[in-house]
Structure formats: structure tokens, C-alpha cells
Amino acid sequence: MNKVLRLLPVLMAISSALSAEELPLTVLPPLSAESERLPAAPYSVTQDTQDFGIELPPVAASVLKAAQRPLKATATSTNSVAPQHIQIKPGINELMPIAVGHLNRLITPFDHPVVTTTSQATTSTQGKIVYVATADETPVTLYITPGDNHDIALSLTLIPKRIPAREIHLSLDKDSYKLLTKVQQQAHASRESVGDQEQAYIAQLKKLFRELGLQHTPPGFSLRNPLQTEQLRCLQDALQINTGQVLEGQDMLILVGLARNDGLAPIELDERACATTQTEVLAVAAWPKVVLGQNEATELYVAIRRSADASIELRPSLLSGEQH
């Protein structure tokens, strides 16, 4: 029995050698560096999933392509800064943040806002809007009034911060709006009155010059010879001026002169050149022509405002010539 056990490993080795000689051998080439880098076999879905008898609908190729595209970041409303609405009470200082290094818009309730400040910030107005820009974080204190009227004044302290540009709508309470409406109506009426007065004044000057062109002495004026200090001068080459008459009114003098072209070429009389030496010149006109040929002449009318002292004429007292 012991002999049989000792022979068993020997027989198994011989049997293994014989079976190996009977099997065909396939010699594989050694692995190269490139073959070591080959990717692993793709994962097969069918090997690891079970068939539950559910048929999935086909998916279009365009949908698959769209799903494979990378997502793009899109701006949302949370990134934007909405306008701010603040009710201001005149006389109470209001603090509000603005953007440093950017242009900020303050929309006021005033038709013609006027800004008063000692800050180094840049301010400008367009209609009802006040633009404010500052280059540093120093607070900006300013007052905003409706035109030249200071009965209503918005007191603001702007705090520059590292934020986007701001748009701030300023409003008033009900009582302040009533006062503002009254103030702006008065200002509008005053501007209309001034405009009407200017138009009437211009019409009066045109009428005076027309009377002079017709060789009439306008009502309320007296004709006299000019003084040495009452001489017309025009800063225009080749134009010679001789002052010949003065029409004296209550608040106005009209100097009448003869303008002649002393040059060889025709010239056009520049009426503005005859108003540069007189600080109180009201109007200038030439009649009957403006373009002058060689040696041609035309009359020149210059209206000058009289000073308050010059318009006062002294009356001799009867006591100085009283007879005893």
C-alpha cells in the first residue's frame, strides 16, 4: 500500500506530460508598451442589466447632441440692480449709497434742479435728472433745489461704495408736492413774463430803427449833435465811421453815423463789430444796405442804454435868479 502511494505522484506527473504533448500549443507574442496602454473593453449594458420587458421609445439624434453640449452660464435677474425709490422730506438729510467710479442718476421731482455742493464730485443736470460721479469713497453732501427758489431743498449725503451704478428716484410727501407745484407755477409765470418783456423790447427797438430809416425822430427822443465821447467805432478793416447825430431818450441814446467802405474790394458790414467797444450796446442796425462796394456808404444806428445818473437832468432853481 505504501508503494502504491509513493508511485501515485509519479504517475500523475507522467500523465500530465503526455496530455500536454497531445494538446496543440499557441505561442503568444510578448506584450509591448503600446499594447499595455490599450483601453479596457467598453462597458456593456446588456451584460449587467435585466430585461423587464419594457420597450423604451427611440430618442432623436439632435436631442442627444444637445444633451451632450456643456452648460453655459446665463445672467439672471439676481445679478441686476433695480432702481431705488426714496421719499425725501425737505430739511431732513437723507443718506444713500452710490457707486464709486461710475455715473449715478438721481431723478428728482423738480423741472429744473440746481445742485449746490462743496464736494469734489462731478455733478451735471439734464432736465429733471442729476448725474453724480465720484472717484473716491469720500461722502458727497449736496443740496438740490427747484431752480433759484430755495424754499424747497433736498439734503442728500451720498456714500460711495464698490457697487454697480445706481439709479435713484426721489419723491416728496403730499404737502411738499403741493408747495413744489405752487413754486414751479410761479417760476413758469415769471419766465413767461420775462419772455414777453424781451419780445416787447425787441419790437420797440425795431420800431425805433424803422423810424430812423424813414428819417423820422421817434416820439420821446430829442435830436442833438454828438459829444466828443459819443463816437461810433467798428472793429472792421476798410470801414470808416463818422458819427453825425445823437437821439436822446429817457433811458436810451441812439448814435447815428455814416459807415463808408474805404477799401478796394466790396465788404459786408458786420454789425457785431460795432458793439464790441460799448458795454451797454442794446442793438445795431445798418440802413439801407449792408454790403458796401468801393467808396459806398450807409447809415449806421447803435442804441446804447443810458446810465441812471446820465438820464437825470438838473433843473435850475428859481431861487438862484430871484430878484430883490
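Is Asp270 buried, partly exposed or exposed? Select Asp270 to find out: at 29% relative accessibility, this residue counts as partly exposed. Keep in mind as you click around that this is a predicted model.

The side chains of Asp270 and Arg272 meet in a salt bridge, at 3.3 Å from N to O. Arg272 is exposed, with a relative accessible area of 66%.

**On to the sheet**

Show the strands and pick out β2, β8, β7 and β4: in that order they make an open sheet of four strands with mixed pairing. The edges are β2 (94–99) and β4 (113–117), each pairing on one side only. From one strand to the next, the twist averages 35°.

Zoom in on β7 (residues 140–146) and β8 (residues 154–161), which run antiparallel and share five bridges. Click Val140 and look across to β8, where its bridge partner is Leu158.

Next, select Glu137 and Arg162. Their closest N and O atoms are 3.0 Å apart, in a salt bridge. Glu137 sits in the loop between β6 and β7 and Arg162 in the loop between β8 and β9 (167–172), so this pair ties together parts 25 residues apart in sequence. Glu137 is partly exposed at 44%, while Arg162 is exposed at 67%.

Then try Asp111 and Lys128, a salt bridge at 3.9 Å, N to O. Asp111 is in the loop between β3 (103–107) and β4, Lys128 in the loop between β5 (122–126) and β6 (129–133), 17 residues apart.

**Last stop**

Select Arg224, Glu230, Glu248 and Arg306 together: salt bridges link them in a network. The whole structure has nine salt bridges.

Definitions and conventions
Residues are numbered from 1 along each chain as its sequence is written. This is a predicted model: local features need pLDDT of at least 70, side-chain atom pairs count only at pLDDT 80 or more; totals for chains, interfaces and linings use all residues. Side-chain values use heavy atoms; hydrogens and water are left out. Two strands pair if DSSP finds at least two bridges between them. Helices (H or I, at least four residues) and strands (E, at least two) are DSSP runs, numbered from the N terminus. Axes are lines fitted to C-alpha atoms, for helices over the stretch in contact, and angles run from 0 to 180 degrees between N-to-C directions. A salt bridge is a side-chain nitrogen of Lys or Arg within 4 Å of a carboxyl oxygen of Asp or Glu. Buried means under 20% relative accessible area, exposed over 50%, partly exposed in between (1.4 Å probe, protein chains only).
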